[in-house]
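Student: Could you take me through one part of this model in some detail? I'd like to look at the aromatic side chains.

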Amino acid sequence: MYTHPQRRTSALTQKLRNQAGSWLRELRERRGLSQRELAAQVGAEYYTFISQLETGRGRIPPDRYLAWAHALGVDKRDFVRTLMSYYDPVTYSILFDQPMENKSAGKPTNGARRRPQPGKTTRGRPLHRAQSAT
């Protein structure tokens, strides 16, 4: 059975949730909205839910992403992409070809290697590419 790799007890997960909460708070404050006003606009039953999200103790349900993007005045794709980078960094790194960085070592942590740039070599060997006929 599949279990989500980001358990709430994980230190990295909590750090990312805290960062997401700070980002959401910043967006809300830029719009000049109180937590109560935002809760009303996104259809949250209790305004304390906004506080919980802003302090890293929850996630926005995916079926509410569009309402949140609209209420916060953010492009829906940019909103979801940024949330995904916090809520599901593994999927984000796969979809957007962004290796997850190990902050302490500066190396990818998802087992992926950085792609070499066109014309560059890897480990001293030239890259193999199909040659076009000239």
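How many aromatic pairs does the count come to by the ring-centre rule?

Tutor: The count comes to four aromatic pairs, where rings of Phe, Tyr and Trp (its six-membered ring) pair if their centres lie within 6.5 Å. A word on the source: this is a predicted model, so local features need pLDDT of at least 70, side-chain atom pairs count only at pLDDT 80 or more, and totals for chains, interfaces and linings use all residues. Residues are numbered from 1 along each chain as its sequence is written, and side-chain values use heavy atoms, with hydrogens and water left out.

Now for W23 and Y86: their ring centres sit 6.3 Å apart with the planes at 45°, so this pair is tilted (planes under 30 degrees apart are stacked, over 60 edge-to-face, the rest tilted). W23 belongs to helix 1 (residues 11-30) and Y86 to helix 5 (residues 76-87), so the pair ties together parts 63 residues apart in sequence. Helices here are DSSP runs (H or I, at least four residues), numbered from the N terminus. W23 is buried, at 16% relative accessible area, and Y86 is buried too, at 17%; buried means under 20%, exposed over 50%, partly exposed in between (1.4 Å probe, protein chains only).

F96 is partly exposed, with a relative accessible area of 29%.

Methods:
Helix = DSSP H or I, 4+ residues; strand = E, 2+ residues; numbered from the N terminus.
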